[in-house]
Amino acid sequence: MAETLKGLGVSPGRAAGRVCRMAAPPELPAPTPVADADAELGRALDALRATATELAERAEKAPDTDARAILEAQSFIADDPGLHESVEAAVRSGKDAAHAIDEACAHHRRALLAAGGYIAERAADLDDVRNRAVATVLGLPVPGVPTPGHPFVLVAEDLSPADTVNLDPDTVLALVTSKGGPTSHTAILARARGLPAVVACREMSEVGEGTWVSVDGLRGEVEVGIGEEAATEIQRLAEAERRRASTSRGPGRTSDDHPVKLLLNIGSAADLAPQGVDAEGVGLFRTEFLFLDRREEPGYEEQVAAYAAVFRAAPGGHVVVRTLDAGTDKPLPFLGLAEETNPALGVRGLRVSRVRPEVLDTQLDAIAEAARQSGAEPWVMAPMVTTVGEAADFAGRARARGIARVGAMVEVPAAALRAERLLKELDFLSIGTNDLSQYTFASDRQHGDLADLLDPWQAALLQLIADCAAAGQAVGKPVGVCGEAAADPLLATVLVGLGVTSLSMSAPSVPAVRESLAAHSLAQCRDNARFALGADDPGQARKMIVPGW
């Protein structure tokens with residue numbers, strides 16, 4: 001008899017197949033005496049350097065900017081002098097190479113988790129570095145994705161970026177993890193590859209190897225023990241749906257022709273070249289990927305070239321540029337920012353310009369010059385805008401350089417609550433649902449035990465979105481959503497019903513969202529919004545909107 005397990009759906013779509021589990025991390029053997037500390041240290045550091053090199057090589061072959069940036073960050077972790085110093089201290093205290101690496105990584109892991117916020121996300125990256133280096137020093141196979149010789153549903157406690165980045169969608173039908181959250185690396189990379197994915201499904205750890213399961217990445221459900229015949233039918237229907245969605249073209253519209261711009265989230269021009277997706281522009285150009293993990297700030301000319309390449313390649317020439325979203329929560333060595341006890345609530349996003357104003361000024365100069373060279377008219381927005389004063393200052397700096405359309409990301413409740421007043425200084429708002437959820441529910445984006453609070457169907461989050469959309473309607477200015485919530489085809493109808501004017505997402509999500517909107521009238525979208533706002537929890541909201549859920 002089939003059983004349904006619940007998790008968090010983080011990448012929509014359905015798939016079915018046999019469970020195949022990720023290989024477990026290498027186990028440490030009993031400690032061995034160290035006769036030659038220098039030789040033992042050499043073994044440990046060689047393993048870390050080999051790990052750094054392998055991750056860097058994977059980064060070069062990565063299919064998109066998100067994956068490349070994540071793998072490069074992991075490579076820097078493996079090659080970090082501070083980690084190497086900790087390993088040396090452990091070896092000098094008598095630890096063998098494997099135990100020294102394990103001890104050093106555990107020490108740094110505790111520090112990352114204590115920092116909280118985005119810095120805590122690096123703990124998963126460090127775990128992967130540890131596993132790879134320990135396996136290397138012990139002469140064991142490096143943990144990775146299994147190759148059973150047939151398509152399968154990949155099940156793991158969590159997935160490292162290095163494992164997720166090169167998944168073959170023809171072999172890996174879906175992902176299910178017992179840990180993770182809606183903004184984890186697993187979720188981000190699964191969406192980028194169009195793989196159905198469910199995270200934080202704890203009971204999945206009890207499901208046996210080879211069990212037939214179906215995965216619904218929208219509902220966050222895993223049905224266990226369905227049988228081969230049912231799995232084959234689910235796969236047939238899923239493939240038919242993908243073929244139908246892939247032929248979906250044209251602008252986003254409801255069934256009664258209400259327009260909703262469907263846009264792309266990208267990190268560079270390289271993300272646009274292979275997409276082949278019929279979108280209406282770029283709703284989120286994450287410029288920080290040009291800056292990540294660099295020892296020196298990219299120069300003016302380099303920035304001009306990178307921005308101009310995106311402006312020329314973007315569908316319809318429409319690009320919304322987000323200025324540097326970084327700080328002590330996304331460490332950039334060249335910024336030289338002080339360490340903070342709570343980076344998620346510290347100097348990040350636009351706040352970096354308080355201590356390094358020249359970084360933002362150079363970026364705005366480069367965006368303006370790239371616009372002149374390409375003939376584009378980009379929209380430019382700042383992350384982590386909190387007050388009217390911050391909005392006015394940013395708008396003044398951008399417009400002084402000839403940038404005509406200036407906006408802000410809404411990522412903190414303070415901005416949502418003052419949305420109408422912000423729009424007196426700005427031309428548009430774009431809602432980042434990932435961070436807005438984190439700050440609204442006081443729930444760390446990477447805390448697996450609190451992942452349910454970050455469900456984008458939470459009514460409190462939807463109410464803040466509704467308030468922003470109402471503010472936009474009151475003054476006749478657009479309000480979009482560029483967080484991952486925009487990629488949920490059903491939730492898209494709710495967002496449109498709340499008054500959102502555009503939805504920006506990873507390329508594989510566009511066709512399904514377009515189809516969903518085309519199947520609903522604006523009145524039906526507004527009904528869905530009313531139901532969702534009135535629900536006591538996300539599960540109830542989904543049931544009210546889709547009978548039978």
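This is a predicted model: local features need pLDDT of at least 70, side-chain atom pairs count only at pLDDT 80 or more; totals for chains, interfaces and linings use all residues.
Which residues touch the most other members of the largest nonpolar core?

**View 1. The largest nonpolar core and the residues that touch the most other members.** Of the 96 residues in this core, those that touch the most other members are Tyr307, Phe311, Ile465, Val494, Leu495 and Leu503. Helix H10, which spans residues 357-374, contributes the largest share of the core, namely eight residues.

**View 2. The surroundings of Leu503.** When neighbours within four places in sequence are left aside, Leu503 is in contact with Val260, Lys261, Leu262 and Leu263, with Val481, Ala486, Ala492, Leu495 and Val496, and also with Val513 and Leu517.

**View 3. Strand E12, covered on both faces.** In a regular strand, side chains alternate between the two faces of the sheet. In E12 (residues 379-382), Trp379 and Met381 lie on one side and Val380 and Ala382 on the other, and all of these residues are buried.

**View 4. The strands paired with E12.** Strand E11 (residues 319-322) runs parallel to E12 and is joined to E12 by three bridges, while strand E13 (residues 405-410), also parallel to E12, is joined to E12 by four bridges. Met381 of E12 stands opposite Arg322 and also opposite Gly407 in E13.

**View 5. The β-α-β unit containing E12 and E13.** Together with helix H11, which covers residues 388-399, strands E12 and E13 make a β-α-β unit that is right-handed.

Technical notes. Residues are numbered from 1 along each chain as its sequence is written. Side-chain values use heavy atoms; hydrogens and water are left out. Buried means under 20% relative accessible area, exposed over 50%, partly exposed in between (1.4 Å probe, protein chains only). Helices (H or I, at least four residues) and strands (E, at least two) are DSSP runs, numbered from the N terminus. Two strands pair if DSSP finds at least two bridges between them. A crossover is right-handed if, with the strands pointing away from the viewer, the path from the first strand over the helix to the second runs clockwise. A nonpolar core is a set of buried Ala, Val, Leu, Ile, Met, Phe, Trp, Tyr and Cys residues joined through side-chain atoms within 4.5 Å. Contact means heavy atoms within 4.5 Å.
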